[in-house]
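Please keep the sequence and the three-dimensional view at hand while reading.

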Amino acid sequence: MVTTMNETDMRLQGDREIVISHTFNAPARIVFDAVTKPELVKRWWAPKSHGAMVSCEADVRVGGAYRYVMQQGNGPELAFSGTYLEVTPPKRLVYEETFEPMKHLGAVKVTVTFEEKDGKTRIVNHSVYPSKEVRDGVLASGMEHGMREAMEQLDALVVSLG
Amino acid sequence: MGHITPMVDTFAALAEPNRFRIVELLRGGPRPVNDIGLSLRLNQPQVSKHLRVLKEAGLVDVEPRAQQRLYYLRASELRRLHEWLERYRRNWESRFEQLGELIEELKKNEDYSDGHDDE
């Protein structure tokens, strides 16, 4: 498996963090819009295998709220909601997010940075979970991401094992 | 779902930097404990401790040969871990693929409305 610039890199950091990054072939202002404007978020946020978005609302300013709802087939609606803590277009976005069915576990603090270089933009999504248990639970649930050492390191290792 | 928790343990075993170095070293073939210590500049109690964790996680195993105990990598467990983590990465990749398509579309629209080339 060859890792290229545009692939999604994922690593776990410390006990409570997950870092995901990806580079897009577009300037930061376009990527920032696509990641924040609800009418655009609606078009990509739900991974195909996880169903479709049934609702997407976001008041993108400090203290503003958002709520993303997706649904797989006729399954239950799954809502993620939160509040923006920092909005600095087109560079940085910080928010707290709650997965509503598991509200009691606490919120994840997510920092998204947009680094533009030579017309390309690398976005880094850094999530800090309330505890190691919650982070590992997220990993195990299939809801999202993760790992500590760079994925390509493990890739190389596995390839070398043949 | 029964295999999920042990998978997290396997992952935790590999996440410690010295243990990851040991696993990388064992890619070259089976090695005795003292040899691992010398190669990685770790003392024997440290190496033994790390090997114990790796063995419990199913990542390495040991076989006696002559006077020595040789540690070797168990590829099956590493592959299982890799597949497990790869699923989560793919979720995001699938999401980012969709985002990438959207971004291409936004770029095109912008070029048409801008009418100039800023490359």
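Two strands pair if DSSP finds at least two bridges between them. Helices (H or I, at least four residues) and strands (E, at least two) are DSSP runs, numbered from the N terminus. The model is predicted: local features need pLDDT of at least 70, side-chain atom pairs count only at pLDDT 80 or more, and totals for chains, interfaces and linings use all residues. Residues are numbered from 1 along each chain as its sequence is written, while chains are lettered from A and ligands numbered from 1 in the order in which they are written.

**The sheet of chain A**

- Chain A holds an open sheet of 8 strands in the order β1-β2-β8-β7-β6-β5-β4-β3, with antiparallel pairing.
- At its edges stand β1 (9-13) and β3 (52-58) of chain A, each of which pairs on one side only.
- Direction ignored, neighbouring strands of this sheet are turned by 20° against each other on average; angles in general run from 0 to 180 degrees between N-to-C directions, and axes are lines fitted to C-alpha atoms, for helices over the stretch in contact.
- Strand β2 (residues 17-24) of chain A is joined to strand β8 (residues 120-128) of chain A by 8 bridges in the antiparallel sense, and A:T23 stands opposite A:R122 in β8(A).
- Between β7(A) and β8(A) there are 9 bridges, again antiparallel, and here A:E115 is the residue opposite A:R122 in β8(A).
- The hairpin of β7(A) and β8(A) has 2 residues between the strands, and in it A:D118 takes a positive phi near 50°.
- β6(A) and β7(A) are paired in the antiparallel sense over 6 bridges, with A:V94 opposite A:T111 in β7(A).

**A helix and a residue on the chain A sheet**

- Helix α1 (residues 28-36) of chain A lies across β2, β3, β6 (92-99), β7 (108-117) and β8 of chain A, and runs at about 155° to β7(A).
- Contacts are counted between two residues if their C-beta atoms, placed from the backbone, lie within 7 Å.
- A:F99 belongs to strand β6 of chain A.
- A:F99 is partly exposed because 19 other C-beta atoms lie within 10 Å; a residue is buried if 20 or more other C-beta atoms lie within 10 Å of its own, exposed if 12 or fewer, and partly exposed in between, with C-beta atoms placed from the backbone.
- The C-alpha atoms of A:F99 and A:R67 are separated by 9.9 Å, although these residues are 32 residues apart along the chain.

**Chain B in outline**

- Chain B contains 5 helices and 3 strands, and from the N terminus on its elements run α-α-β-α-α-β-β-α.
- Of the 119 residues in chain B, 26% are buried.
- Among contacts in chain B between residues at least 6 apart in sequence, 51% join residues at least 24 apart.

**The sheet of chain B**

- The 3 strands of an open sheet in chain B have the order β1-β3-β2, with antiparallel pairing.
- β1 (31-32) and β2 (60-65) of chain B stand at the edges with a single partner strand each, so one side of each is left without a neighbour in the sheet.
- β2(B) and strand β3 (residues 68-73) of chain B run antiparallel and are joined by 6 bridges; the bridge partner of B:E63 in β3(B) is B:L70.
- α2(B) packs on the sheet, where it touches β1, β2 and β3 of chain B, and its direction makes about 95° with that of β3(B).

**Helix packing in chain B**

- Helix α2 (residues 17-26) and helix α4 (residues 44-56) of chain B have axes that come within 10 Å and cross at roughly 75°.
- That angle makes α2(B) roughly perpendicular to α4(B); angles under 35 degrees count as roughly parallel, over 145 as roughly antiparallel, 65 to 115 as roughly perpendicular and the rest as oblique.
- B:N18, B:R19, B:I22 and B:V23 of α2(B) make the contact with B:H50, B:L51, B:V53 and B:L54 of α4(B).
- The axes of helix α3 (residues 33-40) of chain B and α4(B) come within 9 Å and cross at roughly 110°, which makes α3(B) roughly perpendicular to α4(B).
- In this second pair, B:V33, B:N34, B:I36 and B:G37 in α3(B) meet B:Q44, B:V47, B:S48 and B:L51 in α4(B).
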